[in-house]
Amino acid sequence: MLAGRRGKLTLVTIIVILLILYIFYSLAKGWAPSRDTYALQGVLVDESHGNPTWSTLGAKGVDFAYLTASQSTDKRDESFATNLAGVKDAGIRYGAVHYFDVCRLASDQATLFNTTVPRDPNALPPAVKIGFSDNCKSKPTRALILSEISTFLGQIELHLEKPAILLLSADFEGHYNISAAINRNMWTQGNYFVPSYTAQPWKMWTANDARTIDGIDSPVPWVVLR
(Lines give C-alpha, C1' and ligand atoms only; values in the text may rest on other atoms or scores of the structure.)
Protein backbone atom coordinates (compact mmCIF):
# COMPACT_ATOMS: atom_id res chain seq x y z
CA MET A 1 0.00 0.00 0.00
CA LEU A 2 2.85 2.35 0.88
CA ALA A 3 4.47 1.55 -2.46
CA GLY A 4 1.22 2.44 -4.21
CA ARG A 5 1.08 5.83 -2.48
CA ARG A 6 4.67 6.51 -3.42
CA GLY A 7 3.86 5.62 -7.02
CA LYS A 8 0.94 8.06 -7.01
CA LEU A 9 3.10 10.78 -5.46
CA THR A 10 5.80 10.18 -8.03
CA LEU A 11 3.27 10.42 -10.87
CA VAL A 12 1.84 13.65 -9.44
CA THR A 13 5.34 15.07 -9.09
CA ILE A 14 6.17 14.25 -12.70
CA ILE A 15 2.93 15.85 -13.90
CA VAL A 16 3.63 19.02 -11.87
CA ILE A 17 7.18 19.24 -13.22
CA LEU A 18 5.98 18.78 -16.79
CA LEU A 19 3.31 21.43 -16.28
CA ILE A 20 5.86 23.89 -14.90
CA LEU A 21 8.22 23.20 -17.80
CA TYR A 22 5.39 23.75 -20.29
CA ILE A 23 4.49 27.07 -18.67
CA PHE A 24 8.12 28.22 -18.79
CA TYR A 25 8.41 27.09 -22.42
CA SER A 26 5.24 28.94 -23.38
CA LEU A 27 6.47 32.11 -21.69
CA ALA A 28 9.95 31.80 -23.21
CA LYS A 29 8.82 31.38 -26.80
CA GLY A 30 6.72 34.54 -26.60
CA TRP A 31 9.10 36.58 -24.47
CA ALA A 32 10.39 40.01 -25.47
CA PRO A 33 12.15 42.69 -23.39
CA SER A 34 10.12 45.52 -21.92
CA ARG A 35 9.25 48.40 -24.22
CA ASP A 36 10.01 50.70 -21.31
CA THR A 37 13.67 49.78 -21.70
CA TYR A 38 13.78 49.05 -25.44
CA ALA A 39 11.14 51.11 -27.22
CA LEU A 40 12.03 49.90 -30.73
CA GLN A 41 11.86 46.16 -31.44
CA GLY A 42 11.86 44.06 -34.59
CA VAL A 43 12.72 40.83 -36.38
CA LEU A 44 15.47 39.20 -38.42
CA VAL A 45 14.06 37.07 -41.24
CA ASP A 46 15.29 34.83 -44.03
CA GLU A 47 13.80 32.39 -46.52
CA SER A 48 13.30 29.76 -43.80
CA HIS A 49 10.50 31.87 -42.34
CA GLY A 50 8.19 31.39 -45.30
CA ASN A 51 5.94 34.29 -46.31
CA PRO A 52 5.46 36.69 -43.39
CA THR A 53 2.28 38.74 -43.27
CA TRP A 54 3.95 42.09 -42.74
CA SER A 55 0.79 44.05 -42.00
CA THR A 56 0.04 41.65 -39.13
CA LEU A 57 3.61 41.82 -37.86
CA GLY A 58 3.44 45.61 -37.89
CA ALA A 59 0.21 45.50 -35.88
CA LYS A 60 1.88 43.12 -33.39
CA GLY A 61 4.71 45.53 -32.61
CA VAL A 62 7.36 44.94 -35.27
CA ASP A 63 8.94 48.39 -35.63
CA PHE A 64 11.67 47.28 -38.03
CA ALA A 65 12.81 44.22 -39.94
CA TYR A 66 16.24 43.06 -41.02
CA LEU A 67 15.95 41.02 -44.20
CA THR A 68 18.59 38.46 -45.13
CA ALA A 69 19.82 39.37 -48.60
CA SER A 70 22.94 37.34 -49.34
CA GLN A 71 25.49 34.89 -48.04
CA SER A 72 29.12 34.30 -48.98
CA THR A 73 29.83 34.85 -52.69
CA ASP A 74 27.03 32.91 -54.36
CA LYS A 75 23.87 32.67 -52.26
CA ARG A 76 21.00 35.14 -52.62
CA ASP A 77 18.14 34.71 -50.15
CA GLU A 78 15.11 33.62 -52.17
CA SER A 79 12.71 35.62 -50.00
CA PHE A 80 14.56 38.95 -50.07
CA ALA A 81 12.72 40.63 -52.94
CA THR A 82 9.31 39.49 -51.66
CA ASN A 83 10.07 40.57 -48.10
CA LEU A 84 11.41 43.89 -49.33
CA ALA A 85 8.16 44.63 -51.14
CA GLY A 86 6.18 43.46 -48.11
CA VAL A 87 7.87 45.69 -45.54
CA LYS A 88 7.58 48.69 -47.82
CA ASP A 89 3.87 48.09 -48.32
CA ALA A 90 3.40 47.70 -44.55
CA GLY A 91 5.39 50.84 -43.77
CA ILE A 92 7.97 48.95 -41.69
CA ARG A 93 11.55 50.21 -41.61
CA TYR A 94 14.03 47.69 -42.98
CA GLY A 95 17.69 46.89 -43.36
CA ALA A 96 19.52 44.22 -45.38
CA VAL A 97 21.80 41.51 -43.97
CA HIS A 98 24.79 39.70 -45.45
CA TYR A 99 26.23 36.52 -43.92
CA PHE A 100 29.98 36.99 -44.18
CA ASP A 101 32.14 33.99 -45.09
CA VAL A 102 35.71 34.17 -43.78
CA CYS A 103 36.76 31.56 -46.35
CA ARG A 104 35.76 33.67 -49.39
CA LEU A 105 37.11 36.92 -50.80
CA ALA A 106 35.48 40.00 -49.32
CA SER A 107 35.34 41.81 -52.65
CA ASP A 108 33.37 38.96 -54.26
CA GLN A 109 30.95 38.93 -51.34
CA ALA A 110 30.48 42.69 -51.60
CA THR A 111 29.69 42.36 -55.30
CA LEU A 112 26.96 39.84 -54.52
CA PHE A 113 25.47 42.02 -51.80
CA ASN A 114 25.61 45.22 -53.85
CA THR A 115 23.90 43.59 -56.81
CA THR A 116 21.18 42.17 -54.56
CA VAL A 117 20.32 45.17 -52.37
CA PRO A 118 19.08 48.35 -54.05
CA ARG A 119 20.22 51.72 -52.79
CA ASP A 120 17.54 53.28 -50.60
CA PRO A 121 18.19 56.44 -48.53
CA ASN A 122 15.33 55.44 -46.19
CA ALA A 123 16.77 52.02 -45.38
CA LEU A 124 18.36 51.19 -42.05
CA PRO A 125 22.13 50.57 -41.94
CA PRO A 126 23.12 47.27 -43.57
CA ALA A 127 24.11 44.49 -41.20
CA VAL A 128 26.99 42.05 -41.62
CA LYS A 129 26.60 38.79 -39.71
CA ILE A 130 29.98 37.33 -38.83
CA GLY A 131 30.60 34.04 -37.06
CA PHE A 132 32.13 30.61 -37.39
CA SER A 133 30.42 28.32 -39.88
CA ASP A 134 30.28 24.57 -40.46
CA ASN A 135 30.96 25.32 -44.14
CA CYS A 136 34.23 27.06 -43.31
CA LYS A 137 36.55 25.31 -40.88
CA SER A 138 39.43 27.71 -41.50
CA LYS A 139 40.44 30.28 -38.88
CA PRO A 140 42.49 32.95 -40.68
CA THR A 141 44.72 35.30 -38.74
CA ARG A 142 43.15 38.29 -37.03
CA ALA A 143 45.02 40.66 -39.31
CA LEU A 144 43.59 38.98 -42.41
CA ILE A 145 40.08 38.89 -40.95
CA LEU A 146 40.18 42.59 -40.10
CA SER A 147 41.51 43.43 -43.55
CA GLU A 148 38.80 41.42 -45.32
CA ILE A 149 35.99 42.82 -43.17
CA SER A 150 37.26 46.34 -43.81
CA THR A 151 37.32 45.68 -47.55
CA PHE A 152 33.77 44.37 -47.49
CA LEU A 153 32.51 47.29 -45.40
CA GLY A 154 34.19 49.83 -47.64
CA GLN A 155 32.48 48.48 -50.74
CA ILE A 156 28.96 48.02 -49.37
CA GLU A 157 29.02 51.32 -47.52
CA LEU A 158 30.02 53.11 -50.69
CA HIS A 159 27.07 51.47 -52.42
CA LEU A 160 24.46 52.18 -49.73
CA GLU A 161 26.01 55.43 -48.51
CA LYS A 162 25.73 54.61 -44.81
CA PRO A 163 27.87 52.79 -42.24
CA ALA A 164 27.10 49.15 -41.51
CA ILE A 165 26.40 47.40 -38.22
CA LEU A 166 28.29 44.23 -37.26
CA LEU A 167 26.31 41.25 -35.99
CA LEU A 168 28.98 39.29 -34.12
CA SER A 169 28.57 35.87 -32.56
CA ALA A 170 30.02 35.54 -29.07
CA ASP A 171 32.54 32.82 -29.98
CA PHE A 172 33.81 34.69 -33.04
CA GLU A 173 34.16 37.93 -31.11
CA GLY A 174 35.91 36.07 -28.29
CA HIS A 175 38.42 34.66 -30.75
CA TYR A 176 39.09 37.76 -32.87
CA ASN A 177 38.00 40.74 -30.72
CA ILE A 178 36.60 42.50 -33.78
CA SER A 179 34.75 45.19 -31.83
CA ALA A 180 38.02 46.56 -30.42
CA ALA A 181 39.46 47.14 -33.89
CA ILE A 182 36.57 48.22 -36.15
CA ASN A 183 34.64 51.34 -35.27
CA ARG A 184 31.07 50.40 -36.11
CA ASN A 185 27.87 49.85 -34.18
CA MET A 186 27.63 46.35 -32.75
CA TRP A 187 24.77 43.86 -32.81
CA THR A 188 25.01 41.09 -30.20
CA GLN A 189 23.16 37.84 -29.51
CA GLY A 190 22.03 36.20 -26.29
CA ASN A 191 18.70 34.73 -25.27
CA TYR A 192 16.92 36.54 -22.40
CA PHE A 193 20.08 37.88 -20.74
CA VAL A 194 21.73 41.14 -21.76
CA PRO A 195 25.08 40.31 -23.45
CA SER A 196 28.37 41.99 -22.64
CA TYR A 197 30.94 40.30 -24.88
CA THR A 198 31.86 43.23 -27.15
CA ALA A 199 34.59 45.74 -26.37
CA GLN A 200 32.23 48.64 -26.99
CA PRO A 201 28.56 48.98 -26.00
CA TRP A 202 26.19 47.23 -28.37
CA LYS A 203 23.52 49.06 -30.37
CA MET A 204 21.28 46.06 -31.16
CA TRP A 205 20.59 42.78 -29.39
CA THR A 206 18.91 39.55 -30.52
CA ALA A 207 17.11 38.98 -27.24
CA ASN A 208 15.12 35.89 -28.25
CA ASP A 209 16.32 33.87 -31.22
CA ALA A 210 13.06 31.91 -31.56
CA ARG A 211 10.11 34.10 -30.66
CA THR A 212 6.63 33.03 -31.72
CA ILE A 213 4.46 35.88 -33.03
CA ASP A 214 1.35 36.20 -35.18
CA GLY A 215 2.09 36.96 -38.81
CA ILE A 216 4.92 34.50 -39.32
CA ASP A 217 4.71 30.72 -39.45
CA SER A 218 7.92 29.80 -37.63
CA PRO A 219 9.79 31.19 -34.62
CA VAL A 220 11.84 34.24 -35.54
CA PRO A 221 14.81 36.08 -34.00
CA TRP A 222 13.52 39.07 -32.02
CA VAL A 223 15.80 42.10 -31.99
CA VAL A 224 15.82 45.25 -29.87
CA LEU A 225 17.46 48.62 -30.37
CA ARG A 226 19.31 50.53 -27.68
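A crossing of two helices is left-handed if the near helix is turned anticlockwise from the far one by less than a right angle, and right-handed if clockwise. The model is predicted: local features need pLDDT of at least 70, side-chain atom pairs count only at pLDDT 80 or more, and totals for chains, interfaces and linings use all residues. Residues are numbered from 1 along each chain as its sequence is written, and side-chain values use heavy atoms, with hydrogens and water left out.

**Exercise 1. Describe how helix H4 and helix H5 cross.**

Step 1. Helices (H or I, at least four residues) and strands (E, at least two) are DSSP runs, numbered from the N terminus. H4 covers residues 106-116 and H5 residues 142-160.

Step 2. Their axes come within 8 Å and cross at roughly 25°. Axes are lines fitted to C-alpha atoms, for helices over the stretch in contact, and angles run from 0 to 180 degrees between N-to-C directions.

Step 3. Angles under 35 degrees count as roughly parallel, so H4 and H5 are roughly parallel to each other. Their crossing is right-handed.

Step 4. Contact means heavy atoms within 4.5 Å. Among the residues making it are Ala-106 and Phe-113 of H4, and Phe-152 and Leu-160 of H5. By class, the contact has six nonpolar, six polar and one charged. Ala, Val, Leu, Ile, Met, Phe, Trp, Tyr, Cys and Pro count as nonpolar, Asp, Glu, Lys and Arg as charged, and the others, Gly among them, as polar.

**Exercise 2. Describe the largest cavity and its lining.**

Step 1. On a 1 Å grid over the protein atoms alone, a cavity is a set of points where a 1.4 Å probe fits but cannot get out, and a pocket is an open set with protein on both sides within 12 Å along at least five of seven lines; lining residues have an atom within 4 Å of a point.

Step 2. One cavity of 30 Å³ or more is counted. The largest holds about 60 Å³, a volume being the space filled by probe spheres set on the points, which are joined across faces, edges and corners.

Step 3. Strand S4 (residues 93-99) gives the most to this lining, with three residues. The lining divides into nine nonpolar, one polar and two charged residues.

**Exercise 3. Describe the largest pocket.**

Step 1. Its volume is about 370 Å³.

Step 2. Of its 20 lining residues, Gln-71, Tyr-99, Phe-100, Asp-101 and Ser-133 are closest to the centre.

Technical notes: Parallel < 35°, antiparallel > 145°, perpendicular 65-115°, else oblique.
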